[in-house]
Amino acid sequence: MSIRPVTIYGEPVLHTRAQEVTEFNDELRELISDMYDTMDAAHGVGLAAPQIGVGLRIFTYEYENEDGAPPRGVVVNPRLTLSKVSQSNPDPDEEIEGCLSAPALNFPLKRAEFARVEGFDGDGNAISFDATGWFARVMQHEYDHLDGYLYVDKLNEKWARRWKKAKKSLGWGVPNLTWMPGTDEDPFGH
């Protein structure tokens, strides 16, 4: 279908709880197709609708996993049930995240090691699967977008200070900043 611009930290839709999808129709399927195209062009492992300026509770993902879940999919109106999150400091080598809406930056963050994911596919059929390890991290990261949070909003004090300095130096935190996957230079160097 088409690749859409990816919104950058500061765009209001990224910081607002997304609305439930109420109709499973061709318009929704076209949006999902655009999300896949955008995710692929950006070399992402996931993309939430708010990241392309659409305030709906949808995310796509692509992640090979050992949990028996499809390696590529969409979850509409997701619900996550998580295991406990360790309160220890995140490992700066093993627990690094990045985000298409905070391009070219990476910071460590603790996440739950298990997530049960429930919701619907693009046709309105119920889906449910378990995710562990990095796959669980991807699910939590995308789900957070639907509640108006980016992973950088959840950093511990040490990493939050570094994030705030980076955000200020890049001029982020204001509306109308985007980048175009496949056109603009890949911020992650893929």
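Begin with α2, residues 133-146. This helix contributes six residues to the lining of the largest pocket, the most of any element. Keep α2 coloured, as the second stop returns to it.

Note before going on that the model is predicted.

**Stop 1: the largest pocket**

The volume here is about 380 Å³. Select Val45, Glu97, Gly98, Cys99 and His141: of the 21 lining residues, these are the closest to the centre of the pocket. Next, colour β5 (96-99) alongside α2 (133-146); these are the elements that give two or more residues to the lining of the largest pocket.

How do the lining residues divide by type? Colouring the lining by residue class gives nine nonpolar, nine polar and three charged residues.

**Stop 2: the second largest pocket**

Move to the second largest pocket, with a volume of about 220 Å³. Which residues are the closest to its centre? Select Val85, Leu109, Lys110, Arg111 and Lys154, which hold that place among the 16 residues of the lining.

Now show β4 (72-82) together with α2, the elements that give two or more residues to the lining of the second largest pocket. The largest share again belongs to α2, which supplies three residues.

**Last view**

How values were computed
Residues are numbered from 1 along each chain as its sequence is written. This is a predicted model: local features need pLDDT of at least 70, side-chain atom pairs count only at pLDDT 80 or more; totals for chains, interfaces and linings use all residues. Side-chain values use heavy atoms; hydrogens and water are left out. On a 1 Å grid over the protein atoms alone, a cavity is a set of points where a 1.4 Å probe fits but cannot get out, and a pocket is an open set with protein on both sides within 12 Å along at least five of seven lines; lining residues have an atom within 4 Å of a point. Grid points are joined across faces, edges and corners, and a volume is the space filled by probe spheres set on the points. Helices (H or I, at least four residues) and strands (E, at least two) are DSSP runs, numbered from the N terminus. Ala, Val, Leu, Ile, Met, Phe, Trp, Tyr, Cys and Pro count as nonpolar, Asp, Glu, Lys and Arg as charged, and the others, Gly among them, as polar.
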